[in-house]
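Colleague: Could you walk me through reading a helix in a model like this one? I'd like the general idea and then the case at hand.

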Amino acid sequence: MTNSNTNIYRACRLAAGMTMEEASEKLHIGLRTLSNYELDVTIPPYEIVSSMQKEYGAGQAFIRDYLRQFPYIKTYIPEENDKPLPETALRMYKEVTDIYAMLPRVVAITFDNQIDETERPEWYTKVVPEMEEAIESLRNMVLYDPKEKPSRDNRFTRTA
């Protein structure tokens, strides 16, 4: 999350042009608490990081970097998505639709509260991989961070 010279919380606060006093007030935390976060003494809770992101005007990469410091979460955070938003949304739609189509089979397999020997091959070769793809596509939508937000002139407009 940080290198030896830079703390992401401090860097984003400074980039937002805030003093520690201003930031601690906006975040509703003490000055010493903020200092501890910026000196890597303590790790802020997610709620504070989410508030920092909003107050500092930081992108989703800020949250992604925060989450990557936890080994048990790190593997579930997708790499930065450089695909256009419509492509990301279509991928999510496709994966969720695939899961929806599988639901009758998922219910049939799990209805008896177990996955028996005859069901395991299908479960682990078809169902689980589809669920993992759907989860990744949903994460990519949630963590989407466009490099440039489209201006009002670049919006899709409906013509009559």
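**Reading helix α1**

Modeller: Happy to. Arg 13 touches Met 18, Thr 19, Met 20, Ala 23, Leu 34, Glu 38 and Tyr 56, leaving aside residues up to four places away in sequence; contact means heavy atoms within 4.5 Å. This is a predicted model, where local features need pLDDT of at least 70, side-chain atom pairs count only at pLDDT 80 or more, and totals for chains, interfaces and linings use all residues. Residues are numbered from 1 along each chain as its sequence is written, and side-chain values use heavy atoms, without hydrogens and water.

Colleague: Is Arg 13 buried or exposed?

Modeller: Buried means under 20% relative accessible area, exposed over 50%, partly exposed in between (1.4 Å probe, protein chains only). Arg 13 is buried, at 4%.

Colleague: Which residues of α1 are buried?

Modeller: Helices are DSSP runs (H or I, at least four residues), numbered from the N terminus. In α1, residues 8-15, the buried ones are Ile 8, Tyr 9, Cys 12 and Arg 13. They lie on the same side of α1 because they cover an arc of only 130° around the axis, taken from the directions from the helix axis to the C-beta atoms. These buried residues pack against α2 (20-27), α3 (31-38), α4 (46-56) and α5 (60-67).

Colleague: What caps the N-terminal end of α1?

Modeller: Asn 7 does, with a side-chain oxygen 2.8 Å from the backbone nitrogen of Tyr 9. Just after α1, Gly 17 adopts a positive phi of about 75°.

Conventions: Helices (H or I, at least four residues) and strands (E, at least two) are DSSP runs, numbered from the N terminus. A polar contact is a pair of N or O atoms within 3.5 Å; within protein, one must be able to donate a hydrogen and the other to accept it, and residues adjacent in sequence count only if both atoms are side-chain atoms.
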